[in-house]
Amino acid sequence: MSTTPPNEKSHGIELPQPTAGPMICAFGLTLMAAGIVTNWIVAVAGFATFVAGAINWFRNANPDSLEMLATPAEEKPTPIVPRPGSVDHLVGDATHRARLPMEIHRYRDGMIGGAIGGVVMAIFAVVWGLISHGSLWYAVNLLAGTLLSGVTDMSMEELRAFHAEGLVVGIIIQLVMSIAVGLLYGVILPIIPRGTLLFAAVIVPLIWSGLTWATISVINPALGAHIEWLAFIASQVAFGITTGWWIIRCGKISTMQNWHYLDRFGFETQGKGGGS
Amino acid sequence: MSVLQPPAGPDAAGPVPFLSRLHEWVTTVDHKKIGTMYIVCGIIYLIIAGLEATLMRWQLTWPGMDVLTPEEFNRLFTMHGTTMVFFVGMPILLGSANILIPLMIGARDLAFPRLNAFSFWLFFFGSLLLYFSYFGGQGLYGMGSAPDVGWFAYAPLTERTFSRGHSTDYWILGIFVAGIGSTATAANFIATILGMRCRGMTLMKMPLLVWIMLVDSVIILLALPPLAAAQILLLFDRLLGAHFFDAQAGGSALLWQNLFWFFGHPEVYILILPGFAFVTEIIPVFSRKVIFGYPLMVAATVAIGFISLGVWAHHMFVVGLSPMLNTIFMGSTMLVGVPTGIKMFNWVATMIGGRIRFDTPMLYATGFLCQFLLGGLTGIFLATVPFDWQVSDSYFVVGHFHFVLFGGLVFAILAAVFYWFPKVTGRMMNETLGKWQFWLLVIGFNITFGAMHVSGFLGMPRRVYTYHTDRGWDFWNLLTSLGVIVQILGFALFALNLVHSLFKGKKAGDDPWDAWTLEWSTTSPPPPHNFEEDPVVHSRRPLWDLKHPDDPDWKYE
């Protein structure tokens, strides 16, 4: 920023004169409105007030009396002192324009990691169902209850039995949710400053379990009635460890945020400066 | 031509007589004084509307209480909503913009200073006209006092058959008069921003607050006239025997809903966009980083402005629109979440990697992010037609919009007050009191409006003055009311802080936050002419360039 000398006349800075005109006009207009619901005399008085205010306003706006002069204030702004060398550049980039994170995980890796984590979680849940209730299908049927209303009314015997509809719906729910959560892992993990695996394996599963605990009776009453929380949390942790591990092992790529536009569009030209 | 002396310090020539000071304020055309008057009026109405809300919560604390009659309750929720939207939100936002726009673009005043004064006084007298209804609303019929038709004044409740006396007329006329002022102010802002920027400040070098206020002003120009038109039609119905909204005589009650919400929903964005503007200026300064994605923030603001004009019928999902219309408005409502989400991500991205200072303005800005996010998410729920059918007109909706307009807007306004108070008054606000107030408000706010979501889920309809004890709502209403007490404590601290800081606050200096926009380059408070010399800028952060000449912004823009 710099400044230019004032373009006003040499003896001061021109400013508009204070005037009561606008206030009187506004009051008159309000009285006119009030006259509609009180008495026509109020409206007439309002009109007269409005006209008086307008005359005051317009006379004040006469070019001869348009402006008043503000003399320069005694108090001057404190000069801004340059502080060269005081800028800390963000890590890994020479400009303070760097957009963090500089590197991200591929979305693809997040989705694949989520799918793998989903499979591990499903195996965990099925094994739990087999051990605790003697059925491969118990956990699948409970999960399907998120979308299938009939599951809520099933007896324990029916929950242990195979239902093709339940299997299809259960697989779809597990796959979609796992891939979506894996994608979120891929997006969020690069912005976690440290303890990434701890975040993926413990913190997120605990938050997710808490959220599920709070909403399960609305979202899936069947699961809410039969859920065993310790096993549920363990299955979430299994998902978190697997997905987090997969995403981290796949490594990161540089974002395009700081690339030259030509690089972003894939053009190979000379003299563009910057680039990845 | 007279000569205006610069504002004299308190010790300069003894105390100025009260009448002289009053005259100075009443006749002023200075944008900073007018802005201050807007904000002071807004705070006074905030106290009034807060008292109205407190009375309602007192009544609802426990089933079967008789603090208020049903009629009084109806008037209170009408006046609370109307006051908060038109006489708290609007004046504080227009006032802030009044003060900040010329200072941020390096201008001496708004384009039309006298029109600006006219607009303020229209707002002022319009608000008095509405509140005069408590005295004059009975009219010749001796019925009614203040309006009791809700802030949306649905037809046919507003027809003469159901709303005797003149209370509804006062509602119409008070808002109509104030609306003329708001429309004129919007035109004034647009002219100022487009025509009075200092040298070097191209549109893409404007502070984002100014960009957002430009879009906000355009929305005001497009949304307020339909409300004014609808109000005139309603006045015809009530006073001249027309039947625009009288379904029994061939009119349409839905016409009112369409016209009102064509204004009403953009109004939400008119209110929240300046809130966005405040935090957009505050977060970078306290993160010590440049705003993330400036061009995208501009694009998102314009997109929000555009989409906000096409979502109004989501307020009407339960009136029986066709499935096609419901689907279209559900889609457009969800669409507005995209640019809003972009802003949210950009604010967070600005904070990531920054050297964050949690001074009070930043605390409020962070509180805004969290609570507005929650309000936005329940907004997505409500945009889904089947969900809306379940909870429409319940306390879930009340909780939702208070998360948006209180958790979002009021927190952003408080952030702005703490941030710009030093510039306007020359004194700092007390940080300790500010932080106590923040935590009291966060706790009280979440208890009050979080609990409303639950009572809404449990089926409690809004606008009921009492309820039976067997509905399972008792505990949640008690909790809601207890939260109000905590909030009152917070606001009492705020009032104490304001008054104390105004007279005894630490001297602020010109640039107490080490900020980057032009208003911080002049004195605190600024002189009547704002700047001794016309500023010339080379980047979006002109003061950064001066402070860091070895690493100026213009190299990267």
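Into which domains is chain A divided? Here are some notes to read beside the structure, which is a predicted model.

1. **Domains of chain A.** Chain A splits into domain 1, covering 15-69, and domain 2, covering 103-254. Taken over C-alpha atoms, the centres of these two domains of chain A are 70 Å apart.

2. **Make-up of chain A.** You will find 10 helices and five strands in chain A. Of its 276 residues, 28% count as buried. If you look at contacts in chain A between residues at least 6 apart in sequence, 69% of them join residues at least 24 apart.

3. **Confidence in chain A.** The average pLDDT of chain A is 84, and 85% of the residues score at least 70. Please keep an eye on strand 1 (residues 2-4) of chain A, where confidence is lowest in the chain, at a mean of 59. Confidence in chain A is highest in helix 1 (residues 21-37), at 95.

4. **The largest nonpolar core.** This core holds 178 residues, and those touching the most other members are B:Trp121, B:Leu122, B:Val177, B:Val210, B:Val279, B:Ile282 and B:Ala415. Helix 13 (residues 395-425) of chain B gives the most to this core, with 22 residues.

5. **A second core.** There is also a separate core of 16 residues, and A:Met121, A:Tyr138, A:Val140 and A:Leu223 are among them.

6. **A closer look at B:Ala349.** This residue sits in helix 10 (residues 337-351) of chain B. Is B:Ala349 buried or exposed? B:Ala349 counts as buried because it has 20 C-beta neighbours inside 10 Å, and a residue needs 20 or more to qualify. B:Gly293 is 56 residues away from B:Ala349 in sequence, yet their C-alpha atoms are 8.9 Å apart in space.

7. **The span of helix 15 of chain B.** Helix 15 (residues 474-504) of chain B has 31 residues, so at 1.5 Å a residue it should span 45 Å. Its end C-alpha atoms are 45 Å apart, which agrees with that expectation.

8. **What helix 15 of chain B packs against.** Several residues of helix 15 of chain B are buried, including B:Trp476, B:Asn477, B:Thr480, B:Gln487, B:Leu493, B:Phe494 and B:Ser501. The buried residues of this helix pack against helix 2 (31-60), helix 13 and helix 14 (431-457) of chain B.

Definitions and conventions:
Residues are numbered from 1 along each chain as its sequence is written. Chains are lettered from A and ligands numbered from 1 in the order in which they are written. This is a predicted model: local features need pLDDT of at least 70, side-chain atom pairs count only at pLDDT 80 or more; totals for chains, interfaces and linings use all residues. pLDDT is the predictor's confidence in each residue, from 0 to 100. Helices (H or I, at least four residues) and strands (E, at least two) are DSSP runs, numbered from the N terminus. A residue is buried if 20 or more other C-beta atoms lie within 10 Å of its own, exposed if 12 or fewer, and partly exposed in between; C-beta atoms are placed from the backbone. Two residues are in contact if their C-beta atoms, placed from the backbone, lie within 7 Å. Domain bounds come from an automatic or database domain assignment. A nonpolar core is a set of buried Ala, Val, Leu, Ile, Met, Phe, Trp, Tyr and Cys residues joined through C-beta atoms within 7 Å. The expected span of a helix is 1.5 Å times one less than its number of residues.
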